[in-house]
Amino acid sequence: MSEVGLNPPAIRDIPIWLGGRGPAAVRRAVTWGSGLILSGRSGGPEAEAAFREVQDRLYAAADAAGRPREELGIEVWLETDVGDPDAWHAAVARWEALGATHLSMQTYEQEPIAPARHIERAGSIAGAVLAC
C-alpha cells in the first residue's frame, strides 16, 4: 500500500488481524497482518484437522516470504453455549497444544441474553479457562 498513513503517527505498531482460511487470507496475513482469525465451530477432529491444514499453509507462506513464524498469531473461537467450565478448559488446552496463540470466547447461550449477562459470562468463562 502506498501513500497511506496515520496523522499523527502511531506510537507503536497497530495489530492487523485478518479472518479466513483460504489462500487469499493466508497471503494477506503473511504480507500485512499480525495474525489469522479462524472463525467457525470449535473442537472435534474435523476442526483440528482444518486448523492444522491452515496452520501448515500459513507457516509455509511465512517461510517463503522470509517472515518469522512467531510474528504471526492464530486465533480460534471458544464456543460456550454448550459444555461446562471443564469442557471449555479442555478445549482451550487442545487449541493451545495445536498452536493457537489467541482465543476469542463467545458469550452467548442457547437463548438470547441481556448485555449484562454477556459481561457476567465473560468473567465466568475467563475464570474457568484461566484456572489452570
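Biologist: Why is Phe51 called buried?

Modeller: In this predicted model, Phe51 has a relative accessibility of 1%. Buried means under 20% relative accessible area, so Phe51 counts as buried.

Biologist: What makes Trp95 buried?

Modeller: The relative accessible area of Trp95 is 7%. The cut-off for buried is under 20%, therefore Trp95 is buried.

Biologist: How many aromatic pairs does a search of the whole structure find?

Modeller: The search finds one aromatic pair. Phe51 and Trp95 form that pair.

Biologist: Why is the pair of Phe51 and Trp95 called tilted?

Modeller: The ring centres of Phe51 and Trp95 are 5.4 Å apart, with 55° between the planes. Rings pair if their centres lie within 6.5 Å, and planes under 30 degrees apart count as stacked, over 60 as edge-to-face and the rest as tilted. At 55° the pair of Phe51 and Trp95 is therefore tilted.

Biologist: What makes this a link between distant parts of the chain?

Modeller: Phe51 lies in helix H2 and Trp95 in helix H3, 44 residues apart.

Biologist: Where is helix H3 packed?

Modeller: Helix H3, residues 85-98, packs on the sheet and touches strand S3 (73-78) and S4. The direction of H3 makes about 160° with that of S3. Helix H4, residues 115-129, also packs on the sheet, where H4 touches S3 and S4. Its direction makes about 140° with that of S4.

Biologist: What is the strand order of the sheet?

Modeller: The open sheet has four strands in the order S1-S2-S3-S4, with parallel pairing.

Biologist: What makes S1 and S4 edge strands?

Modeller: Strand S1 (17-19) and strand S4 (102-105) each pair on one side only. From one strand to the next, the twist averages 25°.

Biologist: How do you know that S1 and S2 pair?

Modeller: Three bridges join S1 to strand S2, residues 35-38, and the two run parallel. Two strands pair if there are at least two bridges between them, so three bridges are enough for S1 and S2. Gly19 stands opposite Ile37 in S2.

Biologist: Why is Arg67 called buried?

Modeller: Arg67 is found in the loop between helix H2 (44-65) and S3. Its relative accessible area is 18%. Buried means under 20%, so Arg67 is buried.

Biologist: Which residues does Arg67 touch?

Modeller: Not counting residues up to four places away in sequence, Arg67 touches Ala29, Val30, Gly33, Ser34, Ala62 and Leu72.

Biologist: What makes the pair of Arg67 and Glu71 a polar contact?

Modeller: The side chains of Arg67 and Glu71 make this contact at 2.8 Å. The cut-off for N or O atoms is within 3.5 Å, so 2.8 Å meets the distance condition.

Key. Residues numbered from 1 in each chain as written. Predicted model: local features only at pLDDT ≥ 70, side-chain atom pairs only at ≥ 80, totals over all residues. Heavy atoms only, no water. Axes fitted to C-alpha atoms, helices over the stretch in contact; angles between N-to-C directions. Contact = heavy atoms within 4.5 Å. Buried < 20%, exposed > 50% of the residue type's maximum accessible area, 1.4 Å probe, protein only. Polar contact = N/O pair within 3.5 Å; in protein donor to acceptor, adjacent residues only side chain to side chain. Phe/Tyr/Trp six-rings, centres within 6.5 Å; stacked < 30°, edge-to-face > 60°.
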